[in-house]
Amino acid sequence: MSTLVFVTPTWDAGPWAAEMRKAAPSLTVKVWPEPIKAEEVTYACAWLPPPDVVKSFTNLKVIFSLGAGVDAILADPTLPKHVPIVRVNDSDLTNRMSEYIVLHTLMHHRQQRALDQAQARGAWLNPPQAAAKDVTVGIMGLGVLGQDAAKKLRMLDFKVRGWSRTKKNIEGVESFEASRLDEFLGGTDILVSLLPATPDTDGILNTALFKKLSRKGPLKAPVLINAGRGRQQNEDDILACLNDGTLLAASLDVFRKEPLPAASGLWTHPRVTVTPHNAADSEPSTICAYVAEQIRKYEAGRPLENLVDTKRGY
Ligand code: NDP
Ligand code: OXD
């Protein structure tokens with residue numbers, strides 16, 4: 001019998017273990033750090049695993065990331081190099097992310113924060129309202145999540161463009177490969193990041209980049225929505241750019257340090273919307289069903305899906 005262990009120190013693993021027992025009754029399911037015979041563990045399901053833990057499972061066959069991003073798993077320098085890592089690619093998580101991107105794009109497009117603030121003052125504010133077809137949303141990262149968000153924004157009639165390492169062919173979406181970043185930015189009114197955290201994307205959302213965004217859109221200054229990873233953003237630059245008008249507003253779901261420290265000026269900035277890294281939560285029942293299905297395929301000698309390329313870092 002195979003043993004699966006959850007290594008999720010920041011989450012209550014109880015509901016996860018219960019769902020996994022339902023999804024894969026033949027597995028022995030454990031939760032780290034309960035006493036485990038490390039050599040009996042064949043599968044590890046991880047979210048923010050502490051360094052050195054995964055390597056202690058000497059007969060591990062597969063590591064499952066319980067999220068789409070794998071940066072926290074790859075950050076462990078002792079991770080066994082020969083063990084494949086599978087990440088989440090699941091319609092439930094994807095739909096949740098697209099909800100977030102559509103919600104925040106519409107919130108900025110319809111100037112909802114300004115209307116809320118006017119309501120609080122009892123003011124009848126009715127600013128000019130542009131049509132979605134006159135606004136370009138530029139998505140950095142046209143992978144599983146970026147492509148779904150792009151399609152849903154298109155359905156609302158936004159112009160959509162995307163930037164990714166390699167060029168994509170998505171109906172109605174203008175695709176820019178890595179070398180065309182400046183061109184991509186120059187036509188973007190609302191910038192969305194759905195990039196993974198890798199050495200190449202570290203700090204990419206900074207003043208120099210924000211200054212390249214379009215100022216010709218109906219809102220006259222660009223908006224930033226980051227639901228990728230906090231490491232991508234320079235938070236001092238974001239505040240400075242909001243204050244000098246380089247950026248109009250921002251919605252941030254991810255931060256360099258999470259939870260966002262109380263002292264951060266992002267909490268109180270009137271044009272920043274802070275959300276607690278909940279753009280797309282991993283739902284135990286669907287993700288456990290996904291992991292169980294992968295294990296069934298693997299044990300039947302079929303290939304694992306959604307494998308992480310550890311050299312690229314995503
Ligand atoms: P994918 O791996 O499917 O897509 C990643 C995209 O980023 C690809 O299009 C890839 O290009 C592009 N990319 C990667 N590196 C670069 C680079 N250096 N330059 C240009 N483009 C690059 O990932 P997902 O769409 O599934 O997820 C994206 C990220 O979203 C996750 O890694 C995670 O950090 C974040 N996330 C956040 C959540 C939240 O709640 N806030 C929830 C879930 C995920 P190419 O296609 O050419 O390889
Ligand atoms: C993920 C996340 O990567 O929730 O899935 O951040």
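Reply: An N or O atom in the side chain of Tyr 314 lies 2.6 Å from an oxygen atom of ligand 1. This is a predicted model, in which local features need pLDDT of at least 70 and side-chain atom pairs count only at pLDDT 80 or more, while totals for chains, interfaces and linings use all residues. Residues are numbered from 1 along each chain as its sequence is written, chains are lettered from A and ligands numbered from 1 in the order in which they are written, and side-chain values use heavy atoms, with hydrogens and water left out.

The side chain of Lys 168 has an N or O atom 2.6 Å from an oxygen atom of ligand 1. From Leu 145, it is a backbone N or O atom that lies 2.9 Å from an oxygen atom of this ligand. Such pairs are polar contacts (N or O atoms within 3.5 Å; within protein, one must be able to donate a hydrogen and the other to accept it, and residues adjacent in sequence count only if both atoms are side-chain atoms). There are 30 residues around ligand 1, and those that come nearest are Arg 87, Thr 166, Lys 168, Asp 253 and Tyr 314. A residue counts as near a ligand if one of its heavy atoms lies within 4 Å of it.

Around ligand 2 are Trp 47, Gly 67, Ala 68, Gly 69, Leu 93, Arg 229, His 277 and Ala 280. A polar backbone atom of Ala 68 is 2.7 Å from a ligand 2 oxygen, and a backbone N or O atom of Gly 69 is 2.7 Å from an oxygen atom of the ligand. Arg 229 uses its side chain, with an N or O atom 2.8 Å from an oxygen of ligand 2.

Helix H3 spans residues 91–109 and helix H5 residues 144–155; their axes come within 9 Å and cross at roughly 50 degrees. H3 is therefore oblique to H5. Angles under 35 degrees count as roughly parallel, over 145 as roughly antiparallel, 65 to 115 as roughly perpendicular, and the rest as oblique. The axes are lines fitted to C-alpha atoms over the stretch in contact, with angles running from 0 to 180 degrees between N-to-C directions. Helices (H or I, at least four residues) and strands (E, at least two) are DSSP runs, numbered from the N terminus.

The crossing of H3 and H5 is right-handed, meaning that the near helix is turned clockwise from the far one by less than a right angle. From H3, Leu 93, Thr 94, Asn 95, Met 97, Ser 98, Ile 101, Val 102 and Thr 105 meet Val 144, Leu 145, Asp 148, Ala 149, Lys 152 and Leu 153 of H5, contact being heavy atoms within 4.5 Å. By class, eight residues of this contact are nonpolar, four polar and two charged. Here Ala, Val, Leu, Ile, Met, Phe, Trp, Tyr, Cys and Pro count as nonpolar, Asp, Glu, Lys and Arg as charged, and the others, Gly among them, as polar.

Some backbone details remain. The peptide bond between Trp 32 and Pro 33 is cis, with omega about 10 degrees, and Pro 33 sits in the loop between strand S2 (28–31) and strand S3 (41–46). Another cis bond runs from Glu 258 to Pro 259, with omega near -5 degrees.
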